[in-house]
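Take the model in the order below.

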Amino acid sequence: MRLPMATPTGWRREGNLPAELTSFVGRTRLLANLKRHLAESRLVTVTGIGGVGKSRTVLRLAHQVRAHYPDGVWFADLARLQDAGMVKHTISSALGIADQSSRAESESLSEWVGERDMLLIIDTCEHLIQGCAELVHELLEAAPNLKVLATSRQSLHLPYEHVVPVPPLQVPGEDPAESLFTNESVQLFAVRAGASVPDFQLDEDNIEAVAELCRRLDGIPLAIELAAVRLRALSVEQILGLLTDRFSLLAGASRTALPRHQTLRAAIGWSHELCEPAERLLWARLSVFAGDFELDAARFVCSDGRLPAEDITDLVTGLVEKSILLIRSNHAGVRYKLIDTLAEYGEEWLDKLGQSEQLRRRHFDYYLSLAQRGEDAWSGPRQIYWFVRMRQEHDNVRVALEYALKTPGKEPLALVLLSSLWFMWVCCGFAREGRLYLERALEANPMPSKERCKALWVLSYLKSAQGDSVGAQRTAEMCSTEAVRVGDSRAVILASKMQGTAALLQGDLQKASALLGVAIEFNTDNKELNPGLLPAIVELAIVLTSQGEFYEAESLLQDCLQVCTERGELWVSSYAHWALSVTRLHTTRLDLALDNARESLRIKRHFHDKLGTLITLETSARIYAAQKKVELASRLLGALHQNWRSAGLPMLGAPFLTVDHEKCVKECERSLGIDAYKQAFVRGTELDLDEATTLALGDMDAPS
């Protein structure tokens, strides 16, 4: 089955810089100043109050300077991160690093950055200031060509840091020589007002009122944008009148808060009061979401007798129209986002209403249900949908997990959610994070139970995916022991499968064959294709190929592919095609072997499967070498050398991969000569993983 090609997230050489969704107004001097400091300093921290436009200014700057960084501009958003221990992992994920090894996160991150000439943007550091400062110091010491641009409400307090404060926009009257029409604050209001009310224009009749409004809002961009939205229902003069009254009401709310904080709060509070009561309640309840969310999630989490589920759609629409919610549409559907400043305001109201615990539990229940639906459907025809969906829900899954792990009495629920998400950790590129969470949850739930047994075999699966075969074996044995104690026969079977996987990675083919055979034999109902039956079949075929039983291996793989086709399963089918390419390479059917390898690569492009792609590229290099396309094979070997560094332990340390790799290197050196091999190899090291895949697929210029 051939599928349209798609490039996975995080594999682009130019970085992952978000698009600018709105026009940028003003800040000419600030941007010039930031460019100068960025040219002179390796660490620039942009500071300022909430709502002043730190993130937006940095994003504009990044788009202006991206051409100066050959290895890309990379953006990591920490705004919704709650756990300081996840800072390194979050930044690694933003960089597209899929190090599946068990080594320290900072080690793999520093190694990946290495000699790269790149700019790393770390957005919203203030609540994780110590962890951010330590990591930035580590990276700048390890990577001589790295520059870091951070946003925070306070500096990182590093000696070589250059701090650039972002002031509010210039307001009318600050420069007596300036025309009101060219003032930054006024221009921002005009642009945003024109987006809300297309026929709005600044003129002599409204310019004084707009100028006064911008003065009252102290030039704070968020406050100005919120005010501009009100033109849908009010004139500028009416907005100014309401705002003046509101400021009077809130003037004494906090004597210790900075005036601009009071102003921003007043603007948000005023926008809040202009919402209908039901919209205000929904605003508060939506604050439990992290990042963006789908409408069905809002219906489930936020509805009750006061907010019926059937009313949620109209209320969400109302909040979108009032610019409280952002709407994001793409090929995967429509999602909504409550920006952080407004989410914080909503959280305060939720606490005042006494509904925080209730809504957090509803949020957890929804994502547990979603995880279980995804697990049940993973082996079916909507596998790509679930891959995309769970990557989108990553932030919300984290929030749900933190709720369960930090709430007394809820710790067993964390095990249930974590183990239901085995497909997300293994197949969506989050193996390291899943392992961290599972180890934490298992420590919090030390007594044997069926929930704990499932978590143990999932953890063993993740350790194998990281190349930690010894740890995987130990965890699977623990799972087997505890499963016998609690009478969990399914866990016993899956523990056998995971022990077989570990044995294969260790090169113990006899043990692997016995254990994988047991897992297949006792998985008789065929209902659960993943993660037990189909992967066990593929791994047993690898054992058979390694033992020279090529016919039996090919027969197993053909049966596996037939089941995958019937069920619409793609993830394991990509591995079955790869394993079949290995078998056919051993029997010198090179054209068929290449067809299988290429089909595997095409399917893997729909998933964030760096590990599987690298393994398949290893086999592709061997096939090209056998076809006497030695320069092409050598370039692939160079690309593999470079890209394995960002994925963890090369070839998982498995003998059945490492031995063949070394044979391929020696064959290329012998055929080309050492000097020509090195030249081709170095050319290959310049390829990122997607470019290497394109080369192996024959879709870019390649020497014959």
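Two strands pair if DSSP finds at least two bridges between them. Helices (H or I, at least four residues) and strands (E, at least two) are DSSP runs, numbered from the N terminus. With that in hand, E6 and strand E8 (residues 333–338) pair in the antiparallel sense over 2 bridges.

This is a predicted model, in which local features need pLDDT of at least 70, side-chain atom pairs count only at pLDDT 80 or more, and totals for chains, interfaces and linings use all residues. Residues are numbered from 1 along each chain as its sequence is written, and side-chain values use heavy atoms, leaving out hydrogens and water.

Confidence comes next. pLDDT is the predictor's confidence in each residue, from 0 to 100. The protein chain averages 88, and 92% of the residues score at least 70. Two stretches need care. Over residues 1–11, pLDDT stays under 50, and the model has 29 contacts beyond four places in sequence for them. Contact means heavy atoms within 4.5 Å. Over residues 246–261, pLDDT again stays under 50, with 19 such contacts.

Return to E6 and E8. They belong to an open sheet of 3 strands in the order E6-E8-E7, with antiparallel pairing. Its edge strands are E6 (292–293) and E7 (325–330), each pairing on one side only. Within it, Asp 292 has Lys 337 of E8 as its bridge partner.

Another open sheet has 5 strands, ordered E2-E3-E4-E1-E5, and its pairing is parallel. Here the edges are E2 (73–77) and E5 (162–165), and each pairs on one side only. The twist averages 20 degrees from one strand to the next. Strand E1 (residues 43–47) pairs with E5 in the parallel sense over 4 bridges. Val 44 stands opposite His 162 in E5.

H3 touches E2 and strand E3 (118–123), and its direction makes about 140 degrees with that of E2. Axes are lines fitted to C-alpha atoms, for helices over the stretch in contact, and angles run from 0 to 180 degrees between N-to-C directions. Helix H5 (residues 129–142) touches E1, E3 and strand E4 (146–152); its direction makes about 170 degrees with that of E4.

H3 (residues 87–94) also holds His 89. Is His 89 buried or exposed? It is buried, with a relative accessible area of 5%; buried means under 20%, exposed over 50%, partly exposed in between (1.4 Å probe, protein chains only). The side chain of His 89 makes a polar contact with the side chain of Glu 433, at 2.7 Å. A polar contact is a pair of N or O atoms within 3.5 Å; within protein, one must be able to donate a hydrogen and the other to accept it, and residues adjacent in sequence count only if both atoms are side-chain atoms.

Now the interior. A nonpolar core is a set of buried Ala, Val, Leu, Ile, Met, Phe, Trp, Tyr and Cys residues joined through side-chain atoms within 4.5 Å. The largest has 182 residues, and those touching the most other members include Ile 91, Leu 286 and Trp 425. Helix H25 (residues 529–546) gives the most to this core, with 11 residues. A second, separate core of 48 residues includes Val 44 and Ile 239.

Finally, Asp 688 sits in the loop between helix H32 (674–685) and helix H33 (689–696). Asp 688 counts as buried at 13% relative accessibility. A polar atom of its side chain lies 2.7 Å from the backbone nitrogen of Glu 691.
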